[in-house]
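Biologist: I've got a structure on my screen and I'd like to talk it through. Could you take me around it?

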Amino acid sequence: MSSPQPLEEETYDMSGARLALTLCVTKAREGSEADLDALERMFQQLGFESTMKRDPTAQQFQEELEKFQQAIDAREDFVSCAFVVLMAHGLEGRLKGKDEKMVELEDLFQALNNKNCRALRAKPKVYIVQACRGEQRDPGEPVTGGHLVMITENTPETIPTYTDTLHVFSTIEGYIAYRHDQEGSYFIQTLVDVFINKKGPILELLTEVTRRMAEAEMVQEGEAKKVNPEIQSTLRKQLYLQ
């Protein structure tokens, strides 16, 4: 029986423009300015052209994503990747705009997929979502092990509509996310710290973010709570930011 072959590491070409759009509702979200400052620092260090918009309405969330897509497709230079950071109050699958109306996350994610954004076809698209995804709270459980492996196949002639995308949520579906009123959200602050100070493929960096968050305890109303991010990936190659 022949021994297993090591994986050949294919990487995304990061030599071109790196673009970032951050949409953040600050209304009734104390600490969000600290998150915006941290993200601006991270994007600057990682060589991104960064745009930040505060307090979008539900409709403006959609409009800003569509404007971002149009601006990317209108560029004449090579675009390597795009980051979209969405920060607001939320429920499962939805974000709340400044106007208290809801927008579907799935509608926002459509704007940059391989069908709708030609310049980002087969290029990495990273969505970072700092929002509650429900109202449940996790008190934590005794430690057990386990892991999940995803296997995908594709053909070289065409590309599926939804590949090359990474969704990073501040909490798992159905649960709340935590934010400190001065220091910002533990998720954004941890992610920025890891992305600035560590090197490696992005999924390894996100594993480190998850490890740090899982080890920490949030104390709310005197009770310790646990929280962990959720990462959904259809990346086909390794993505290195540094």
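This is a predicted model: local features need pLDDT of at least 70, side-chain atom pairs count only at pLDDT 80 or more; totals for chains, interfaces and linings use all residues.

Biologist: Then how far apart are the end C-alpha atoms of helix H2, residues 58–74?

Modeller: H2 has 17 residues, so at 1.5 Å a residue it should span 24 Å. The model agrees with that, as the end C-alpha atoms are 25 Å apart.

Biologist: Where around the axis of H2 do its buried residues sit?

Modeller: The buried set is Ala58, Phe61, Gln62, Glu64, Leu65, Phe68, Gln69 and Ile72. They cover an arc of only 165° around the axis, which puts them on the same side of H2. In general, an α-helix has 3.6 residues a turn, so residues three or four places apart point the same way. As for the face turned away from the buried side of H2, the exposed residues there are Gln59 and Ala74.

Biologist: And which helix do the buried residues of H2 pack against?

Modeller: Their partners include strands, among them E1 (17–24), E2 (49–54) and E3 (79–87). The helix they pack against is H3 (105–110).

Biologist: Which strands stand at the edges of the open sheet?

Modeller: The sheet has 6 strands in the order E2-E1-E3-E7-E9-E15, with mixed pairing. Two of them have a single partner strand each, so one side of each is left without a neighbour in the sheet. Those edge strands are E2 and E15 (230–233).

Biologist: What is the bridge partner of alanine 20 in E3?

Modeller: E1 and E3 run parallel and are joined by 8 bridges. Within E3, the partner of alanine 20 is phenylalanine 83.

Biologist: Is glutamate 10 buried or exposed?

Modeller: Glutamate 10 is in the segment before E1. Leaving aside neighbours within four places in sequence, its contacts are Lys237 and Gln238; its C-alpha atom is 6.1 Å from that of glutamine 238, though the two are 228 residues apart along the chain. The cut-off for exposed is over 50% relative accessible area. At 51% relative accessibility, glutamate 10 counts as exposed.

Terms used: Residues are numbered from 1 along each chain as its sequence is written. Side-chain values use heavy atoms; hydrogens and water are left out. Helices (H or I, at least four residues) and strands (E, at least two) are DSSP runs, numbered from the N terminus. The expected span of a helix is 1.5 Å times one less than its number of residues. Buried means under 20% relative accessible area, exposed over 50%, partly exposed in between (1.4 Å probe, protein chains only). The arc is that of the directions from the helix axis to the C-beta atoms. Contact means heavy atoms within 4.5 Å. Two strands pair if DSSP finds at least two bridges between them.
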